[in-house]
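Please look at the structure below before reading on.

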Amino acid sequence: MTLPDDPALVRVLASDGTFAPTPEAERYLPLIDALTEAELETFYRDMVVVRAFDRQATNLQRQGQLALWPPSFGQEAAQVGSVRATRTQDHVFPSYREHVVATIRGVDPIDIIRVMRGLTHGGWDPTDPKNGNTRIYTLVLGSQTLHATGFGMGLAFDGRSGTGDPERDEAVIVYYGDGASSQGDVHEAMVFANTYRTPEVFFLQNNQWAISVPVSTQARAPLYQRGAGYGMPSILVDGNDVLASYAVSRLALDEARSGSGPQAIEATTYRMGAHTTSDDPTKYRTSDEEESWGRRDPIVRMRAYLEGRGAAASFFDDVDAEAQAYADDVRTRTNALGGLDVDTMFAHVYSDAHPLIEEQQRWLAAYEASFEGGA
């Protein structure tokens, strides 16, 4: 497990919210100094709102409204900071836990819900401008890094990066986790990314657990060092510090966009919830570990920082109210979604009619007809 006090760590805010940059953070301070009060408040608002959404979605799954839910609880700062560092023309390749990344880029949260409810295979159209160049969730671990690298190669071939015009040049950011970092797909993606100098940022959220497998079992050296092994700059950042996450991502994206090649970031964070709602973390984690990471909560940290800068209590009250309204809206719209026609599960399994599928369809129809009322 990567230790929070690794000397290579970039951190700006201490766990108690005080401004205490590490030596590695010094080069990023001008980016943080340039942030306006409104931008700082937006970071906080983003994190609070997505946590309310996350809790609501978890409750909806427990109540039978969703088939599955992968919580992002605890990882809000890593995601908010990195996605707020992107430009409009950039391209985002998420895994399946980047809820605030997707919604900040413009994806309707109900489209994420539709995926987890089983109503759609994709959720949203990544080519629709309203979705901010956000690709659909990928449940196959690490495969999105190959997709992102291929797309980045295309940007380089087409001259859509490295022109010297930051308002036009494009970059790619791809999200994956510590478990996915052990997949061959990720390593193949890094080989091609560095070979073709893709305008790409590999953003690894190290939440310490690949379901029930700890990082210490997956790797004998810090994960951020892997990117360096493929010839790309690799940065370790405190993923529970939204300011550090923003600054590191902003500079990495600028470098990638300008033609300097791929960049790698490891954001050290912690999955406070379960891997998904089908997981029970009490089977493999201790309460002491969870409490230790709970004291580094990214929202509590940023709130303390803003309070120290003089933010009014009314601001925090307004954010809490906005977050509750957002979550309530998601619940209302989820309950109105309905379901799919039963026959749709048998469509498109094979390109042509298949006797086994037809037999299963007949069996299900007879089974459901056997219930009182035929339902």
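1. In E8, Ala-267 is the bridge partner of Val-237. Strand E7 (residues 234–238) and E8 run parallel and are joined by 5 bridges. The chain passes from E7 through helix H10 (residues 242–260) to E8, a right-handed β-α-β crossover (right-handed: with the strands pointing away from the viewer, the path from the first strand over the helix to the second runs clockwise). Helices (H or I, at least four residues) and strands (E, at least two) are DSSP runs numbered from the N terminus.

2. This is a predicted model, in which local features need pLDDT of at least 70 and side-chain atom pairs count only at pLDDT 80 or more, while totals for chains, interfaces and linings use all residues. Residues are numbered from 1 along each chain as its sequence is written, and side-chain values use heavy atoms, with hydrogens and water left out.

3. E8 also pairs with strand E4 (residues 200–206), in the parallel sense and over 6 bridges (two strands pair if DSSP finds at least two bridges between them). Glu-266 in E8 is the bridge partner of Leu-204.

4. How many residues of strand E8 are buried? The count is 6 of the 6 in residues 263–268, so E8 is largely enclosed by the rest of the structure. Buried means under 20% relative accessible area, exposed over 50% and partly exposed in between, with a 1.4 Å probe and protein chains only. In a regular strand, side chains alternate between the two faces of the sheet. One side of E8 has Gln-263, Ile-265 and Ala-267, the other Ala-264, Glu-266 and Thr-268, and all are buried.

5. Gln-75 sits in the loop between helix H2 (37–62) and helix H3 (76–84). Its relative accessible area is 2%, so Gln-75 is buried. Leaving aside residues up to four places away in sequence, Gln-75 touches Arg-97, Gln-205, Asn-207, Thr-269, Tyr-270 and Arg-271 (contact: heavy atoms within 4.5 Å).

6. The largest pocket has a volume of about 280 Å³ and is lined by 19 residues, with Tyr-96, Arg-97, Leu-141, Gly-177 and His-275 nearest its centre. Strand E3 (172–177) and strand E5 (209–210) each supply at least two residues of this lining. A pocket is an open set of points on a 1 Å grid over the protein atoms alone where a 1.4 Å probe fits, with protein on both sides within 12 Å along at least five of seven lines; lining residues have an atom within 4 Å of a point. A volume is the space filled by probe spheres set on the points.

7. The second largest pocket holds about 230 Å³ of space. Its lining includes Gly-118, His-121, Asp-341 and His-348.
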